[in-house]
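Open the structure in your viewer and keep the selection tool at hand. The tour below goes stop by stop.

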Amino acid sequence: PGRAEMYAGLQELGVANGEDLKETLTNCTEPLKAIEQFQTENGVLLPSLQYALPFLDLHGTPRLEFHQSVFDELREKLLERVSAIALEGKVEERYKKLEDLLEKSFSLVKMPSIQPVVMCVMKHLPKVPEKKLKLVMADKDLYKACAVEVKRQIWQDNQALFGDEVSPLLKQYILEKENILFSNDISFLQNFFSPSPKTRRQGEVVQKLTQMIGKNVKLYDMVLQFLRTLFLRTRNVHYCTLRAELLMSLHDLEISEICTVDPCHKFTWCLDACIREKFVDNKRARELQGFLDGVKKGQEQVLGDLSMILCDPFAINTLALSTIRHLQDLVGQDTLPRESPDLLLLLRMLSLGQGAWDMIDSQVFKEPKMEAELITRFLPLLMSFVVDDHTFTVDQKLPSEEKGPIPYPSTIPEAFTKFLQENRIACEIGLYYILHITKQRNKNAFLRLLPALVETFSDLAFSDIFLHLLSGNLTLLSDEFALEEFCTSLFDGFFLTACSRKENVHRHVLRLLLHLHHKVAPAKLESLQKALEPTKQSGEAVKELYNQLSEKLELRKPSPAEATEPPSMELPLPTVPTPASR
């Protein structure tokens, strides 16, 4: 089959090939004459060559080498010419020339030496004839060899084939995100949200998808449809991140054909700037509000897309951080949450983002109703915690009277725990408040609120993103790990309550201990090692982490000789300076 492909299509064009030579030699009486005649008929028809070729023979240059170099040179010239034709003259004329060229050359598409030329002609044609596309699509090798410009034309009418191409990329993307969340490097400086939006968009998957889509709106819509379907099927919020990154990647390349038809473009662009700053300032808040208020009757479906953009963890992170900052400012200004329009807008966007799955699932496109109690009861509660901290700090500085120092409040209002269990937005903001106090190294506040995390709305406190951020922030409290009370509250009171039923929690605890084991009291470490031992059902990742931890702890143990050596009974000699050392 290899030889047949080398000459594929030559006969159709009336060009003699190896098979013809074989036939000639089989049926002739004088082979040498026949070969000479074949060379004359099929060689390069240039009179001056007749004298030059014998000269090359004298130098021992094989005819094949000569013909091959002439062929390569001509092919390069032809490729350059095709690219030039694609840019010159009137549009109809240039494409007419290319179509004629394709018609003449297509029969040679399987001939490896000519294939690049045929592929180049197709690449420059905005509409390759349907029949040719079908032939390319039916042949695995041809499909693989053709340019992305040609594949786009195939894909736009073959959603299943395009899905097969996109699917491995989407899997890779999710895996990359999970690898970052479970990375063994734990730090409060570098975390999941550290890379800027522009840096993230340079990632391999986003770049490949951007290239596959080109300027093709149909393909862009298909990718968005895949992302919506996968988000619905898995509830995995990383698909929402990819939705925003893809749009902004096309924005970076100024592909107006797509950006102008995506109704979320300007909203996403504005939100992207907020994510870059990790804060929603007043000017941008007004812009974002304008987009939300501008959704016209009959166009409510755009809310489904906007909610998916807002459900991106990077957007949620920015909105939640901004909410915490606003609450602190309100404490200083003696203002209630309901009196702050900026804060209400942040809550509105958080609510829209958190409601994305329900909205796309139910296909009911209207903004979720905000619960009044969130604003009138829950947020003032959080503000009261901020006040507790201020009061405690001031009390510590005052000269203590007979009654002794005032203890830090240790009880949690029941309402707080109830909100975290029953209200998604309250839970999200509450978790970010806990991350905030941990980052401030506020051990008292952390231990006070930690019990509320055991049962949260949809187990949000045991989600990968929260545990990833919490582990990073806990490195700031590393010295506290030596204290029994702290470890019991953190591990026994929180982590271990979910380890057995949630594999991801098991992984995050092991990650944390791998990083901080040297800070934990030995007795506590031993009991944790027992409690965290993998079961038969545990996945490979847990077993691997547990083995790494065990190895580290093994290295820390004193060697048996050191441990069992009896104490020396001899009295130590007093050290007297010797004459030499004087």
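What follows is a list of stops, each with something to select and a short account of what is there.

**Stop 1: the whole chain**

Begin with everything shown as a cartoon. This is a predicted model. The secondary structure consists of 32 helices and 0 strands. The protein has 582 residues, and 44% of them count as buried.

**Stop 2: helix α21**

Select residues 341-354, which make up helix α21. How far apart are its end C-alpha atoms? They are 20 Å apart, and this agrees with the 20 Å that 14 residues should span at 1.5 Å a residue. Next, colour by burial. In α21, 11 of the 14 residues are buried, so the helix is largely enclosed by the rest of the structure. The buried residues include L343, R348, M349, S351 and Q354.

T335 sits in the loop between α20 (313-333) and α21. Is T335 buried or exposed? T335 counts as buried because its relative accessibility is 19%, and the cut-off for buried is under 20%. Leaving out residues up to four places away in sequence, T335 touches L330 and M383. Select P380 as well: P380 and T335 are 45 residues apart in sequence, yet their C-alpha atoms are 9.9 Å apart.

**Stop 3: the nonpolar core**

Show side chains for F378, F466, F481, L490, F491, F494 and F495. The largest nonpolar core has 162 residues, and these seven touch the most other members: F378, F466, F481, L490, F491, F494 and F495. In soluble globular proteins, nonpolar side chains tend to be buried together.

Centre on L490. Which residues does L490 touch, not counting those up to four places away in sequence? They are F446, L450, L474, F481, F495 and L512. Ring pairs join F446, F462, F481, F486, F491, F494 and F495 into a cluster.

**Stop 4: rings and charges**

The protein holds 17 aromatic pairs. Select F392 and Y408 to see one of them: the pair is edge-to-face, with 5.0 Å centre to centre and 85° between the planes. The pair links distant parts of the chain, 16 residues apart: F392 is in helix α23 (residues 372-397), and Y408 is in the loop between α23 and α24 (414-422). Both F392 and Y408 are buried.

Two arginines over rings come next. R325 lies over the face of F279, at 3.8 Å from the ring centre. R507 lies over the face of F182, and here the distance to the ring centre is 3.7 Å.

**Stop 5**

Select K177, in helix α11 (residues 159-181). K177 counts as buried, at 7% relative accessibility. With residues up to four places away in sequence left out, K177 touches F192, R200, H238, T241, E245 and F314.

Move on to H468, in helix α27 (residues 464-474). H468 is buried, with a relative accessible area of 6%. Beyond residues up to four places away in sequence, H468 touches I180, L181, N191, F192, H508 and R511. Look for F192 in both views: F192 touches K177, and F192 touches H468.

Then find L549, in helix α31 (residues 540-556). L549 is buried as well, with a relative accessible area of 2%. Apart from neighbours within four places in sequence, L549 is in contact with L510, L513, L514 and H517. H517 is 32 residues from L549 along the chain, and their C-alpha atoms are separated by 8.3 Å.

**Stop 6**

Finish with the backbone. Most residues other than glycine have a negative phi. What is the phi of R235 near? Phi of R235 is near 60°, a positive value. R235 lies in the loop between α14 (217-234) and α15 (238-252). Now select R441, in the loop between α25 (424-439) and α26 (443-449). Phi of R441 is positive too, near 60°.

Terms used:
Residues numbered from 1 in each chain as written. Predicted model: local features only at pLDDT ≥ 70, side-chain atom pairs only at ≥ 80, totals over all residues. Heavy atoms only, no water. Helix = DSSP H or I, 4+ residues; strand = E, 2+ residues; numbered from the N terminus. Buried < 20%, exposed > 50% of the residue type's maximum accessible area, 1.4 Å probe, protein only. Phe/Tyr/Trp six-rings, centres within 6.5 Å; stacked < 30°, edge-to-face > 60°. Lys NZ or Arg CZ within 6 Å of the ring centre and 35° of its normal. Expected span 1.5 Å × (residues − 1). Core = buried A, V, L, I, M, F, W, Y, C linked by side-chain atoms within 4.5 Å. Contact = heavy atoms within 4.5 Å.
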